Number of protein chains: 2
Amino acid sequence: MATIAQSVADVCRAAKRASRELARLDTGTRDAALNAIADAIDARAAEILDANARDMEAASADLSPAFRDKMRLDAARVTAMAEGVRAIVALRDPVGEVIEGFRLPNGLDVRKVRVPLGVVAVVYEARPNVTIDCTALALKSGNAIVLRGSSQVANSNAVLAAIATEAATAAGVPEGAVGLVAGGGREELAELATQEGLVDLIVPRGGEGLKAALKDVATVPVIYAASGNCHVYVDAGADLDTAEAIVLNAKTQRPGVCNAAETLLVHRDAAAEFLPRALRALREAGVELRADARARAAAGDLADSLLDATDDDWDTEFLALVLAVGVVDSVEEAVEHVNRHGSGHSEAIVTPSAESARVFRDGVDAACVYVNASTRFTDGFEFGMGAEIGNSTQKLHARGPIGMRELCTYKYVVEGSGQVRP
Amino acid sequence: MATIAQSVADVCRAAKRASRELARLDTGTRDAALNAIADAIDARAAEILDANARDMEAASADLSPAFRDKMRLDAARVTAMAEGVRAIVALRDPVGEVIEGFRLPNGLDVRKVRVPLGVVAVVYEARPNVTIDCTALALKSGNAIVLRGSSQVANSNAVLAAIATEAATAAGVPEGAVGLVAGGGREELAELATQEGLVDLIVPRGGEGLKAALKDVATVPVIYAASGNCHVYVDAGADLDTAEAIVLNAKTQRPGVCNAAETLLVHRDAAAEFLPRALRALREAGVELRADARARAAAGDLADSLLDATDDDWDTEFLALVLAVGVVDSVEEAVEHVNRHGSGHSEAIVTPSAESARVFRDGVDAACVYVNASTRFTDGFEFGMGAEIGNSTQKLHARGPIGMRELCTYKYVVEGSGQVRP
């Protein structure tokens, strides 16, 4: 646990030094380190739970039950952390993957090869399992990692980082490869975000407040794991059972996450038949509904129980059991609405029409576009990436889930037999 | 030429509007627009040369011959511009390329599809052909472009942008897709670099001054087409003819560009035989040589004609016929020197040893690593990308040549049959 007492700059310097060695470490050694971490988590579960119990005891009574649940670890969650690490071991090493390769007319062989970024910093809130998920993704992809968790789970994170560090180091990973920044304040955040030349990428996982705090100060490259204002659009002729199941899933299966739906749009030709049954089902699931005039008109005997959608509602990520509901004249109008109000995260159309699917798929400007499926699948684990650092709604470098490959850059390796440029 | 009189924000707004339509335009229409631009350049060559003549007349007498040469157009260069556009037409459309695709266990089909970024801004100096190269790359990749050239060739750039705009619009490209920012001042640069939500990427091509000017103000994503402090390392046992040819080519074939070599490193076992002949050849080519003590000791009767290399020389991109020369004990020491002093652009080793090649290739942290070839090949055209916006030494998004693909992002398209998350 030597890293805990270091300054932010010290942690980053040690990580940079370690990263040069890590990049050259073979896959077997890195996988062995991950297995050692998984085993250590299992073996030291009591210690982890004890630290977490101290965090829970110290937690302010003001915290919501949902937040306390995010903080809490139990035996099953500890086991799941270890299993998550083993799942990442099972994936192919992204380092050294040849992204493409070709021979130039002069005989030069060019390969575009995936290599680690170097040092990745992650800023995150609550969930202690992120400490282990991110460490595993970073080490598997040959990167050093600097972790900055939230103060509410400082004891849990410190024990988890120490376990990971000790296990990894014993397995041959260089010292400093896993660094934990102590102190959850804005000063540490600003210091971390300005370690130019030491930190190659910083990924903040959190709300708009964290994003704003970083945007003002960051001089190292940032990918924001940002918020999601996601839509489900039900097209004319959609199968109503399918549409209802998708809307319910996208809104209610886990309303507090970024890939949950916040707005339902319905084609005018489907509204009169679909809205009464869908809104009833949503209401029975506890969803507060905020409708525009046309949705209200199509809602039948539910009309009086609907709230009026305000202009702001279309732009709001509720992260709760609240849904804005509107009626549109066409798939083109749905695309326009999504592009104007969405955050470029995950957008779904339910339609039997190949042409509507094409218009929506090509027209919507978002990281993930779903045809006849729930928005809830935007997730590194669901996409087969083992886990994720977060979800990017940016367009540069990484869009959508940030997994191991997204923690890599590439280099061109060019091999010749004495070629010079004429 | 309506764009010329607009404000920076107006140009960017028009480009954003156009970009949404451009992204949906089929390949045939975009290719037809590029062919129309190429034909218009040929047909209006006299007009282009006339505008350029006015720039040359107005040019300050203080400008160096090399800079004046960069500004100048002649009939052959105008023809080459048109041919360059046609070469880009011949390449496959990057938009819609499936980068990867897979089926999830639940039956969802996931495709990672290349899509345009939206609006790309390029800030560049002198060479008027950049106006056309960048426009062609942007349109081919479905992007709108905002050009900000230098005031010295304002007449040339204005005519070229007008020709491109008129030809492209007549061929079906939306108005505003090609925008030219008038005025070469720092104010316009700052305005361009802060068009958040309108400009998706800004690429500055230029020296460290431009980079510093942008770093302070930019709020839109930037990829710096940065400087190159490139090395050639001659390993023990290297074929001396090959090594000499590569060093001469890397240093002298075009010394003013970013992929030219600035430092020669020689293994101590090769120094006594290689340095006398290589340094003689370099001197005969007009190269000023700045050597460390060990290189001087190995230089034979040339020793007295060498300058002493200062600490600064190892970190300097001379962009001229000047070369720093040093002797190292091993390939590992060469890698260490390159990583400490290089700018991560292009690095070459000349060696007969597979093991030395591996150590150098894996150990050097740079966009392009060459084994037995000149550094001068780092170039979008040479790599078969048609042309390039510039060369990135960053690690995020694009590293090395920035071509059409690097002007794109991707989206995940997920197609299902009603899947919801359990």
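Through which surface do the copies meet, and what share of the interface residues of chain B are also interface residues in chain A? The share is 100%, so the copies meet through the same surface. The model described here is predicted.

**Interface between chains A and B**
- The contact involves 49 residues of chain B and 49 residues of chain A.
- On the chain B side, the elements that give two or more residues are α10 (240-252), α14 (354-363), β13 (368-373) and β16 (408-419).
- β16(B) provides the largest share of that side, with 11 residues.
- By residue class, the side of chain B that touches chain A has 24 nonpolar, 14 polar and 11 charged residues.
- Strand β16 of chain A (residues 408-419) runs parallel to β13(B), and 5 bridges join the two.
- A:Q419 has B:A373 as its bridge partner in β13(B).

**Relation between the copies**
- In general, a rotation about an axis and a shift along it relate two copies of a chain.

**Domains of chain A**
- Chain A is divided into domain 1, made of 2-225 + 389-415, and domain 2, which covers 230-377.
- The centres of domain 1 and domain 2 of chain A, taken over C-alpha atoms, are 35 Å apart.
- Contact between these domains involves 6 residues of domain 1 of chain A and 7 residues of domain 2 of chain A.
- The domain 1 side of this contact in chain A divides into 1 nonpolar, 4 polar and 1 charged residue.

**Helix α6 of chain B**
- Helix α6(B) spans residues 129-140, which makes 12 residues.
- From its first C-alpha to its last, α6(B) reaches 17 Å, close to the 16 Å expected at 1.5 Å a residue.
- The helix is mostly covered, with 11 of its 12 residues buried.
- Among the buried residues of α6(B) are B:V130, B:I132, B:D133, B:L137 and B:K140.
- Those that are buried in α6(B) pack against α2 (27-43), α5 (75-89), β3 (119-123), β4 (144-148), α7 (154-170) and β5 (178-180) of chain B.

Key:
Residues are numbered from 1 along each chain as its sequence is written. Chains are lettered from A and ligands numbered from 1 in the order in which they are written. This is a predicted model: local features need pLDDT of at least 70, side-chain atom pairs count only at pLDDT 80 or more; totals for chains, interfaces and linings use all residues. Two residues are in contact if their C-beta atoms, placed from the backbone, lie within 7 Å. Helices (H or I, at least four residues) and strands (E, at least two) are DSSP runs, numbered from the N terminus. Ala, Val, Leu, Ile, Met, Phe, Trp, Tyr, Cys and Pro count as nonpolar, Asp, Glu, Lys and Arg as charged, and the others, Gly among them, as polar. Two strands pair if DSSP finds at least two bridges between them. Domain bounds come from an automatic or database domain assignment. The expected span of a helix is 1.5 Å times one less than its number of residues. A residue is buried if 20 or more other C-beta atoms lie within 10 Å of its own, exposed if 12 or fewer, and partly exposed in between; C-beta atoms are placed from the backbone.
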